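Open the model in your viewer and keep the selection tool handy. We will go from stop to stop, and at each one you will find what to select and what is there.

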Amino acid sequence: MASDPIPGCVPIWQFKLRHHIRPGLVTLGKYDGVHPSLTCATDGGKIFVHDMQARRDILSGVDTGSEYQLLSLQSQVSAMTAGSLSTVAGSDGDSKDTLFVGSPSSLQAYSVHSNSELFYKDMLDGVNALAIGCIGEDSDPLVFAGGNCSVVGVDMEGNDKYWTVTGDNVQSIAVADFDSDSRNELIVGSDDYDIRVFKNDEMIAEINEVEAVTNICPLYRNAFAYTLMNASVGAYGGRSRYWRVKGRNHPNALLSFDMDQDGVPEVITGWSKGKFGVRRYRTGDLLMKTNLPTGIAGLVKGDYTMSGQETVVCCCMDGEVHGFAPEGADAVKTPKQKAIEDEYELQALRQQRQILLDQLHAANENLRAVDQLKGNSAASTGVLASKDSNLSTIHMKTDVLCGMELMESESREATIALTVEIVGPNTGASMIKSVVLFAESLFDNESHYVHAPKSMMKKSERIFLYPAKDIPIDILIKVHVGSAFSKQYHVFEIKKMLPRFSLLVPLEPLDEPPGSLVKLSVPQFNKGHLGSWVRANFLVVKDEWKADTVSEITVKSLRHGSQPLVFRVYSGGTVVIFTNEIQLAGDLIQSLATAHNIDSLDCQCYFPAYEQYVGVCLKKVEEQQQLYQRLRAEIADHSNLIRGLVVRAEDARINYDMQGVRQAYKSLQEFNVDLVRGHNIRCGTHEQLLDLQRQLNVAVQQFARLRVGTPKGKLISDCRDLLKSTETAKLYETLRGHANLKELQKYYVIGPEDGEGTG
């Protein structure tokens, strides 16, 4: 039976704008409180606002002015959105929307209706993504700007009301109810392949993906859709992924809209080569699609034509604008739509016919091979291993086993060897033809294929793995088994879990632990829990660790440059981790908290190398800021001199003093060279400041990952205030968790067996 055809989408209206449109920089706003206006950024760095009402008036012969309004904001546009931050409606019952424009160095709020700037705010971390909404119990909406490892929330006056740090540059941001508590959370996607969810200042979820997260769009209840840099699009419901598919081109736009009018929104994706696709948010099934002549720059929704019906407004990069209306079950299809659906149905029938023909051919080949086997009395292995035979049958008890072990090497980084092997009675000529592995965060394209030629086929295969991060990885293995001359193969599916800390290996106890440490108080975790936690998260486990009485382990990561780590559990729930690697310590603490459902966990720590690193960054930031201010002052001085020289040159020209004109313009040329040089230096200084700010944000994030819940959010908030005030001593004290260093030093001499840790 043929699969259901995929209906095509036909726009109900379309027109072309004068300007090309940059991908991702499209929004729709009611700037007068009534009429929706399309706002896009052009390739030339300008922003234009298109008024559909003015266009209709012009077409009907009523001249009400231009349908376009060009805005020149004198900044490179990197993000754009429109909405209202006011909770009070106007006299007509509607609140006027404001246009928010982000650039690599600023955030600007602009009133299109009054043609005025509401506020201009310098953003040292830049702006890559914008979203408007309320989070937590706060009833006042904010505009959230994601930039260089940070997220800032700004009110209508341009005042900072929210700030937090992320692990890398923010590329996408959305406001949605992630945990179904009727209050919104902040969902942030970044370049480090992670989706983080913030409840106020606290990060409540961290989801690992396989590429940078480029778009996030709220869907239905706690569900949201997302796109990745590797051309994937998918959806999550809370922490659970519903589906994910990968395309051939880049998804430029993402939108939530109820296209089939069933009360549940669908996921609409606009692709760089012009594909417009509609999928069910829960299953990812493709409902409708069409191909437009050029790439799609953006998708927005609203009653753009003021017809009383909300439509999807699809903007293409060449300026074409298409309107797609929702289609109910009783909608009357046009002849063009019927022709498109008939073509899709015919294509599906052809594909199904080809599949059936292939299956029939394979069955006939097997029957011929069986007849040959019956006539061959020498065949006693259960599989005919002749070049003239295509028999694909194997012994019914044939099985495939899979195992993993660490392979250490002094010349290169250690790897994990995954071995698959055919086992069972009378396997005969059965060989492994190929092995396919599917795993996220392990392979570049999420899959790996091992294929052996006929002359080298074996009963076992070994594949080497190297996880880039300390995260648990599910691996789906498909092993193709048959004779060397088979055309069809039996497929064995195996599922394996790569533990989170698979590259940590046991070491003998150290004479002296590493010089940095972090101390936790975890009443839910005692000596009896350490063994079970290690067995669940480590690939290699010593025999003595399997006992419930184990209280100390010493390990080392097999990544290059890694140093030993000592994990001790004292009676009373005191946990001390000795390590010079703060990121590994944070990973261990987060795993510990997840395994025991710990919502709030504070710590005391001492990482002198990282504190010194933070101090060096702060000193460099201060130096770069002084240089930046000095350059700005010099430019201001040069500008005054230039104005004077221009006046002097004009006076000399009026008085026919050509020598004075030449001298004035020669001086102007020299000043211009100085200005260009100063501008280049200032650009370099700004880039260095951005990099230093990113390093500081990452350092704060690493210290924050030593905590869980409220203490983690409080540390980030306190560090932000201290970084502004440049109080270095208090910053170090805050990062340490106000630790008493003398008390922490006691743990270097007190072992778990010596009694309960104090301090």
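Select Ser-502 to begin: with a relative accessible area of 1%, this residue is buried (buried means under 20% relative accessible area, exposed over 50%, and partly exposed in between, with a 1.4 Å probe and protein chains only). Ser-502 sits in the loop between strand E35 (490–498) and E36. Helices (H or I, at least four residues) and strands (E, at least two) are DSSP runs, numbered from the N terminus. Now show what surrounds Ser-502: leaving aside neighbours within four places in sequence, Ser-502 is in contact with Leu-406, Ile-416, Pro-467, Asn-537 and Leu-539. Contact here means heavy atoms within 4.5 Å.

A word on what you are viewing: this is a predicted model, in which local features need pLDDT of at least 70 and side-chain atom pairs count only at pLDDT 80 or more, while totals for chains, interfaces and linings use all residues. Residues are numbered from 1 along each chain as its sequence is written, and side-chain values use heavy atoms, with hydrogens and water left out.

Move on to Glu-508, in the loop between strand E36 (504–506) and strand E37 (517–521). Is Glu-508 buried or exposed? Glu-508 counts as exposed, because its relative accessibility is 59%. Not counting residues up to four places away in sequence, Glu-508 touches Lys-542 and Thr-554.

**A step back**

Zoom out to see the whole chain, with its 9 helices and 41 strands. Of its 759 residues, 49% count as buried. Among contacts between residues at least 6 apart in sequence, 56% join residues at least 24 apart.

**Strand E2**

Next, select Thr-27 in strand E2 (residues 26–29). Thr-27 counts as buried, since its relative accessibility is 7%. Which residues is Thr-27 in contact with, leaving aside its neighbours within four places in sequence? They are Ser-37, Leu-38, Thr-39, Met-80, Thr-81, Ala-82, Leu-99 and Val-300. Look at Ala-82 in particular: its backbone nitrogen lies 3.3 Å from a polar atom of the Thr-27 side chain.

**Two positive phi values**

Select Ser-182, in the loop between strand E14 (170–176) and strand E15 (185–190). Its phi is near 65°, a positive value in a residue other than glycine. Ser-182 counts as exposed, at 71% relative accessibility. Then go to Tyr-193, found in the loop between E15 and strand E16 (194–199). Phi of Tyr-193 is near 75°, again a positive value in a residue other than glycine. Tyr-193 counts as partly exposed, at 31% relative accessibility.

**Strand E24**

Lys-275 lies in strand E24 (residues 275–280) and is partly exposed, with a relative accessible area of 28%. Among the residues that Lys-275 touches, not counting those up to four places away in sequence, are Thr-269, Gly-270, Lys-289 and Ile-296. Lys-275 and Lys-289 are 14 residues apart in sequence and 7.2 Å apart in space, C-alpha to C-alpha.

Finish with a run of helices, coloured one by one. The axes of helix H5 (residues 608–654) and H6 come within 8 Å and cross at roughly 160°. Axes are lines fitted to C-alpha atoms, for helices over the stretch in contact, and angles run from 0 to 180 degrees between N-to-C directions. That angle makes H5 roughly antiparallel to H6 (the word used for angles over 145 degrees). By class, their contact has 29 nonpolar, 11 polar and 6 charged residues. Ala, Val, Leu, Ile, Met, Phe, Trp, Tyr, Cys and Pro count as nonpolar, Asp, Glu, Lys and Arg as charged, and the others, Gly among them, as polar.

Show Val-700, Gln-701, Phe-703 and Ala-704 in H6, which meet Lys-712, Leu-715, Ile-716, Cys-719 and Leu-723 in H7.

Last, H7 and helix H8 (residues 728–735) pack at an angle of about 170°, with their axes 9 Å apart. H7 is therefore roughly antiparallel to H8. Leu-715, Asp-718, Cys-719, Leu-722 and Leu-723 in H7 meet Lys-730, Leu-731, Thr-734 and Leu-735 in H8.

Terms used:
A polar contact is a pair of N or O atoms within 3.5 Å; within protein, one must be able to donate a hydrogen and the other to accept it, and residues adjacent in sequence count only if both atoms are side-chain atoms. Angles under 35 degrees count as roughly parallel, over 145 as roughly antiparallel, 65 to 115 as roughly perpendicular and the rest as oblique.
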